[in-house]
Amino acid sequence: QVQLVESGGGLVQAGGSLRLSCAVSGGTFSTYAMHWFRQAPGKEREFVGAISRIGTRTYYDDSVKGRFTISRDNAKNTVYLQMNSLKVEDTAVYYCAVGRDIRTVTTQTGGMDYWGKGTLVTVSS
């Protein structure tokens, strides 16, 4: 069983930065492709980005490309989401997740089998 715990959310002004963390326990972290999703109020959950098992490949939704960076530290069993140049429309609960196929990346919410509880990011104008 995989357990995921997000942290680092909070209130930030537009243009500011936050770094989210996701601590992973259970199983072998280094074998998991890791994903970030977000869900804004009244909206469906959407893909933000992902990182391959050893961190050599990253993927981003166009809405965050150039502003957000995903990284991982396999020695600490942690994946990060660095968010810069935040916009009001980035306001959402951010979730990390592991897919049913733990080794591969997918952008589909339905492909995820393990979710954290989420951390709230609120961007004010």
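Trainee: Is Arg38 buried or exposed?

Mentor: Arg38 is buried, with a relative accessible area of 5%. Keep in mind that this is a predicted model.

Trainee: Where does Arg38 sit in the chain?

Mentor: Arg38 belongs to strand S4, residues 34-39.

Trainee: What does Arg38 pair with?

Mentor: Arg38 forms a salt bridge with Glu46, where the closest N and O atoms are 2.8 Å apart. Arg38 also meets Asp90 in a salt bridge, at 2.9 Å from N to O.

Trainee: What about Glu46, buried or exposed or partly exposed?

Mentor: Glu46 is partly exposed, at 35% relative accessible area.

Trainee: And why does Asp90 count as buried?

Mentor: Its relative accessibility is 1%. The cut-off for buried is under 20%, so Asp90 qualifies.

Trainee: Which residues does Asp90 touch?

Mentor: Leaving out residues up to four places away in sequence, Asp90 touches Arg38, Arg67, Phe68, Ser85, Val121 and Val123.

Trainee: Arg67 is on that list. What is the N to O distance in its salt bridge with Asp90?

Mentor: The side chains of Arg67 and Asp90 meet at 2.7 Å, N to O.

Trainee: Is Arg67 buried or exposed?

Mentor: Buried, with a relative accessible area of 10%.

Trainee: Which residues make up the salt-bridge network?

Mentor: Arg38, Glu46, Arg67 and Asp90 are linked in it. The count for the protein comes to four salt bridges.

Trainee: Why do such side chains pair at all?

Mentor: Opposite charges can pair when the charged atoms of the side chains come close.

Trainee: New topic, the backbone. Which residues have a positive phi without being glycine?

Mentor: Asn77 is one of them, with phi near 50 degrees. Ser85 is another, with phi near 50 degrees.

Trainee: Where are Asn77 and Ser85?

Mentor: Asn77 is in the loop between strand S7 (68-73) and S8. Ser85 is in the loop between S8 and S9.

Trainee: Are Asn77 and Ser85 buried, exposed or partly exposed?

Mentor: Asn77 is partly exposed at 32% relative accessible area. Ser85 is partly exposed too, at 40%.

Trainee: Zoom out. How many helices and strands are there?

Mentor: Zero helices and eleven strands. The radius of gyration is 13 Å, close to the 14 Å that the globule rule gives for 125 residues, so the protein is as compact as a globular protein of that length.

Trainee: What box do the C-alpha atoms fill?

Mentor: Roughly 40 × 30 × 25 Å, along the principal axes.

Trainee: And the contacts, what share joins residues at least 24 apart?

Mentor: The share is 57%, among contacts between residues at least 6 apart in sequence.

Trainee: Last one. What about burial and surface?

Mentor: Buried residues make up 40% of the 125. The accessible surface is about 6500 Å², and 45% of that belongs to carbon and sulfur atoms.

Technical notes: Residues numbered from 1 in each chain as written. Predicted model: local features only at pLDDT ≥ 70, side-chain atom pairs only at ≥ 80, totals over all residues. Heavy atoms only, no water. Helix = DSSP H or I, 4+ residues; strand = E, 2+ residues; numbered from the N terminus. Rg over C-alpha atoms; globule rule 2.2 N^0.38 Å. Buried < 20%, exposed > 50% of the residue type's maximum accessible area, 1.4 Å probe, protein only. Contact = heavy atoms within 4.5 Å. Areas by Shrake-Rupley, 256 points an atom, 1.4 Å probe, with all protein chains shown as cover.
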